[in-house]
Amino acid sequence: MSVKFHLPGFRNNFPLNMIMLQMLKTFPKYFREDIEIASFFGEFPTSLWNGGRYDNNDQCDAEYVRQVIRAVNAQGVAIRYTFTNPTITEQDLADPYCNFCMKEGDNGKNEVLVVSPILEDYIRKNYPGYTINSSTCKEIRSVAALNEELRRDYGLVVLDYNLNNCFDELAEIEDKARCEVLVNSCCVPNCPRRGEHYRFIAKQERLCLANRTLPPEQQKKVPIWRCEYGEKNSLSKYKNYPTHISPDAIWNTYIPMGFENFKIEGRTADLFLLIDTYCYYFTKPEYHDEARLLLIANLQANNIITVQKPRKGRWP
């Protein structure tokens, strides 16, 4: 049985993810057993339907969207849209950019995460070639409600991170193979502002897109999210949360229980944090440093990381 991982981003993290994917194939001795990269999740910013993270007024052109979809699918990996904006209206369904992205990926290989029933119904009707997954943004905490969600027509249901390591409750899940577990949540356990954050991101997306239709003097400032419960994140910080799931726990506990799908978050994370996170989860401990150095070297060779050198001088 493969251990399926779902990696963040096909915009900011696209080069990192593709290099990581190639390393897994080229240097299998460095990595833990049976790892499969099953999807890259995220958006082509800025998408009105997007949820979960705001990508700071970025935008992709049509050819970039086409090239990324082709490149990722050619590796046997799915593009998974995080169309989890909880404030979708009927009017939003006609958004031309989101529909363009959906049409370009409508080849039977890709997926979409949903929250809004309005958007879910629209996608099921207009894009039946997509696998539809239920997002963790729904914040389903009850196992009974979770089992009911699993009885619906979803490819996967992403668990609320607060269920992590609650093994009595996890044991009661009826279809563990169709659950996806968020292993490295940056939110503090039981964060009281999590739902508010999702709605705030929806507001950011709308303001950003509205500003593009206005002259500079009429544009409104896009607010920045501030959270007293968790910023300046790091892997060492996450490891102290009771919701954190270590790589040993994945292989020694979750896989034997019947779980197969594991999500690594970090669409807008610092590149070096993601390097540490990927190496932490994927590499065998004895090869951790060697694999990390090789990953950094590949990123430098591909101009993803640029090392500045001193300017030449002369004396006297």
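Because the model is predicted, local features need pLDDT of at least 70 and side-chain atom pairs count only at pLDDT 80 or more, while totals for chains, interfaces and linings use all residues. Residues are numbered from 1 along each chain as its sequence is written, and side-chain values use heavy atoms, with hydrogens and water left out.

Starting with the chain as a whole, the secondary structure comes to 11 helices and 8 strands (DSSP runs numbered from the N terminus, with helices being H or I of at least four residues and strands E of at least two). The C-alpha trace spans about 70 × 55 × 40 Å along its principal axes. A compact globule of 316 residues would have a radius of gyration near 20 Å, and the chain, at 20 Å, agrees with that; the radius is taken over C-alpha atoms, and the globule rule is 2.2 Å times the number of residues to the power 0.38.

Buried residues make up 52% of the 316 in the chain, where buried means under 20% relative accessible area, exposed means over 50%, and partly exposed is in between (1.4 Å probe, protein chains only). The chain exposes about 15,100 Å², with carbon and sulfur atoms supplying 50% of it; these areas come from the Shrake-Rupley method with a 1.4 Å probe, and for residues only the protein chains shown count as cover. As for contacts (heavy atoms within 4.5 Å), among those between residues at least 6 apart in sequence, 73% join residues at least 24 apart.

Next come the empty spaces. Rolling a probe the size of a water molecule over the atoms shows where empty space is left. The search runs on a 1 Å grid over the protein atoms alone: a cavity is a set of points where a 1.4 Å probe fits but cannot get out, a pocket is an open set with protein on both sides within 12 Å along at least five of seven lines, and lining residues have an atom within 4 Å of a point. Grid points are joined across faces, edges and corners, and a volume is the space filled by probe spheres set on the points.

The largest pocket has a volume of about 1,100 Å³. Of the 46 residues that line this pocket, Arg 53, Cys 186, His 197, Trp 225 and Thr 268 are the closest to its centre. Helices H7 (194-211) and H10 are the elements that give two or more residues to the lining, and H7 has the largest share, with 5 residues. By class, the pocket lining has 21 nonpolar, 15 polar and 10 charged residues (Ala, Val, Leu, Ile, Met, Phe, Trp, Tyr, Cys and Pro count as nonpolar, Asp, Glu, Lys and Arg as charged, and the others, Gly among them, as polar).

A search of the whole structure also turns up 1 cavity of 30 Å³ or more. The largest cavity has a volume of about 80 Å³, and the residues lining it include Gly 9, Phe 10, Arg 11, Glu 43 and Tyr 54. Arg 53 and Thr 268 line this cavity, and both are also among the residues closest to the centre of the largest pocket.

Thr 277 sits in helix H10 (residues 271-282) and counts as buried because its relative accessibility is 2%. Not counting residues up to four places away in sequence, Thr 277 touches Asn 184, Leu 235 and Ile 264. Leu 182, in strand E7 (residues 179-182), is buried too, at 2% relative accessibility. Leaving aside neighbours within four places in sequence, Leu 182 is in contact with Tyr 161, Asn 164, Arg 194, Ile 245, Lys 263 and Glu 265. Leu 182 and Asp 160 are 22 residues apart in sequence and 7.7 Å apart in space, C-alpha to C-alpha.

The peptide bond from Pro 45 to Thr 46 is cis, with omega near -10°; Thr 46 is in the loop between strand E2 (35-42) and helix H2 (62-74). The bond from Trp 315 to Pro 316 is cis as well, with omega near 0°, and Pro 316 lies in the segment after helix H11 (288-301). Asp 34, in the loop between helix H1 (14-26) and E2, is not a glycine but has a positive phi of about 65°; Asp 34 is partly exposed, with a relative accessible area of 49%. Glu 139, likewise not a glycine, has a positive phi of about 55°. Glu 139 lies in the loop between strand E5 (131-134) and helix H5 (143-150), and counts as partly exposed at 32% relative accessibility.
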